[in-house]
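Subject: Structure handover

Hello,

Here is the structure for you to open alongside this note. My findings follow below it.

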Amino acid sequence: MITKLDQMFTALQGKTKKKIVAVWANDSHTIEAVSNAVDKNIVEGILVGDKNEIEKTCKAEKIDINKFTVIHANTDVEAANMAVKMVAEKKGDILMKGLLSTDKYMRAILNKEAGLLPPKAVLSHITVIENANYHKLMIVGDVAVIPNPDINQKIAITNYLIFTAKSLGIERPKVAIIGASEQVSPNIESSVHATIISKMGDRGQIAGAIIEGPLALDLAIDKESATIKKIDSEVAGDADCLLFPNIEAGNVFYKTNTKLCGTELGAVVCGAKVPCVLSSRGDTSLTKLYSIALAALMAK
Amino acid sequence: MEPITKLSQIVDHLLDKQIKKRVAVACAQDQNTIGALAQAVENGFAEAIMIGDQTQIERIATLEGIDPTIFTIIHLPNMVDATLKAVEMVRNNEADVLMKGLVGTDKFLKAVLDKQKGLLPEKAVMSYVAAIELPKYHKLLFVTDTAVIPYPDLKQKSAMLKYSIDMAHKFGIETPKVALIGSAEKVSPSQQYTVDYAMMCKMVERGQLPKCIIDGPLDVFLACDPKSVEIKGVPTPVNGDADVLLFPSLESCNSFYKGLMLFGEGELAGLIQGTIKPVVVMSRSESSTSKFYCVALACLMA
């Protein structure tokens, strides 16, 4: 079981290396991230982009271009379509966003004809946070993609959380469905959703995990609070996964962690046929590396 | 207290504890009602206040070989007057149980539900709980709601849960096992009753509802048959040993109990709950034994 993000690198050694396809990978941020991952021996790197630009960047950054497979594309959209096609044809195992806008990147993934998104699949975002004040990793969703998930989307996100936890070697993940209180309030939709998902866990309709909710955040990650409030659940104070009721709550939690607690994280977009890395230029190079490692662990 | 597992044991328990309750009967000039009350009085756990047409009450009793002087008779030949008087007596604590006689159910319930002079506290949920004895089940089964609420919402289901637990307690069952009945054990967000059930289970866990062992949705097999639990492999704390079955609708519950009466050799006692005192409403087609047990049950719950 992986309890620190850098343990992902060790876990990946000796396994068949996954191919990461970076879209419109002309810029130094993207190339550096893929280069670091290749150097760490965790993936094979395929850069799709303007060949001249890629060569120029590699030269400027003193990165050996020969460690990558470089495929030329004339525009960002063309690069996106080519990369998505490669992944759909199983010539790549992970997709990664480069210099193009998130909008164009997501549109290529969502393109129905390209077939990267199974019918009715829910596209969501999973973040793995390492906070020194918690005894293990926290796997959280959705902090970035679905604003107000309905019950079916929440069920999908819960399954992604569980899958991510399992990819990290957690055999029977403990999932907390987060709310403002542990009390059931029929008038609060997230509270109702939490009880439904919790019961679906009991019934094995959502399999492979112990699910408890609603739980306030303190009850999910702090044993003492759980004891004081007499919550009799294996999940209380020991959650691996946190499902947030909406994007605001999840986003504030993750940014509080990164900006006020100096935590590191890795993140991946789930729901497509392959894990998709969606790092932004604002991310640290370590975050990008962790995201690639996480995607590599989750790739089939 | 040793749990009561047969309806006849209600009477034993009442006599054992020397419990005696005053039953006010609205429009008592009815053969079956007079018979059931006479039996209750003779057993010694009830005092009967028969309100209605005195001449007819005395005549019917005599025809049945019952001495009318075992009853307190209040002469009010008008049905509405008699019903109002019976309700008023219960309200004023001059009686412990209200029972319907010859009067129509709608007139009777109208008096019970009257906001000023009735028996239902403001905002209280009125519901019906029945205790069923079956040759093929090892204990009594409390089922709700066979008679009053067509489609209970979460608040009403929660009240039904509370009432059935109250009844199970009176029967000496300390921590009743409650099965919330559906057609399957799966939760479906598009089926509201399964969502209600999920909430109720969690609310019991969180101490928001009375303490009990609860699970649902469960089908009747998983609720009452340990073998089905084993075969289906559904881990459930009720484990095929339910005391209480709470149904999602009146139709389902009503059909369940009537099926048991007709084909399962069941015997039943039931009453209205939510009122300040127990209210007995019996349908004319119920057996005289069932009617007698209803009176006994009401005296137990009073």
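Start in chain A. In β9(A), A:Leu242 is the bridge partner of A:Ala176. That pair belongs to a parallel pairing of β7(A) with strand β9 (residues 241–243) of chain A, over 3 bridges. Strands pair here if DSSP finds at least two bridges between them. Helices (H or I, at least four residues) and strands (E, at least two) are DSSP runs, numbered from the N terminus.

Before going on, two notes on the model. It is predicted, so local features need pLDDT of at least 70 and side-chain atom pairs count only at pLDDT 80 or more, while totals for chains, interfaces and linings use all residues. Residues are numbered from 1 along each chain as its sequence is written, and chains are lettered from A and ligands numbered from 1 in the order in which they are written.

Chain A, around β7

Strand β7 (residues 174–179) of chain A is mostly covered, with 6 of its 6 residues buried. Buried means that 20 or more other C-beta atoms lie within 10 Å of the residue's own; exposed means 12 or fewer, and partly exposed is in between, with C-beta atoms placed from the backbone. In a regular strand the side chains alternate between the two faces of the sheet. A:Lys174, A:Ala176 and A:Ile178 point one way from β7(A), and A:Val175, A:Ile177 and A:Gly179 point the other way.

β7(A) also pairs with strand β8 (residues 210–216) of chain A, in the parallel sense over 5 bridges. There, A:Gly179 has A:Ala216 as its bridge partner. β7(A), α7(A) and β8(A) form a right-handed β-α-β unit. Right-handed means that, with the strands pointing away from the viewer, the path from the first strand over the helix to the second runs clockwise.

Where the chains meet

The contact takes 13 residues from chain A and 13 residues from chain B. Two residues are in contact if their C-beta atoms, placed from the backbone, lie within 7 Å. Helix α7 (residues 189–202) of chain A gives the largest share of the chain A side, 6 residues. That side divides into 6 nonpolar, 4 polar and 3 charged residues. Ala, Val, Leu, Ile, Met, Phe, Trp, Tyr, Cys and Pro count as nonpolar, Asp, Glu, Lys and Arg as charged, and the others, Gly among them, as polar.

Chain B, around β2

Strand β2 (residues 46–52) of chain B is mostly covered: 7 of its 7 residues are buried. Strand β1 (residues 21–26) of chain B pairs with β2(B) in the parallel sense over 6 bridges. B:Ala24 stands opposite B:Ile49 in β2(B). From β1(B) the chain crosses through helix α2 (residues 31–43) of chain B to β2(B), in a right-handed β-α-β crossover.

β2(B) also runs parallel to strand β3 (residues 72–75) of chain B, joined by 4 bridges. B:Gly52 stands opposite B:His75 in β3(B).

Core and domains

The largest nonpolar core has 221 residues, and A:Val23, B:Val25, B:Val295 and B:Ala296 have the most contacts inside it. Such a core is a set of buried Ala, Val, Leu, Ile, Met, Phe, Trp, Tyr and Cys residues joined through C-beta atoms within 7 Å. Helix α11 (residues 288–301) of chain B gives the largest share, 10 residues.

Chain B is assigned domain 1 (8–123 + 275–301) and domain 2 (127–267); the bounds come from an automatic or database domain assignment. Their C-alpha centres lie 29 Å apart. The contact takes 6 residues from domain 1 of chain B and 4 residues from domain 2 of chain B.

Backbone points to check

Most residues other than glycine have a negative phi, and most peptide bonds are trans. A cis peptide bond joins A:Gly141 and A:Asp142, with omega about -10°. The bond from B:Gly216 to B:Pro217 is also cis, with omega near 0°. B:Pro217 lies in strand β8 (residues 213–218) of chain B.

Which of them is buried, and which is exposed? A:Asn41 counts as exposed because it has 12 C-beta neighbours inside 10 Å. B:Cys27 is buried, with 29 other C-beta atoms within 10 Å.

Best wishes
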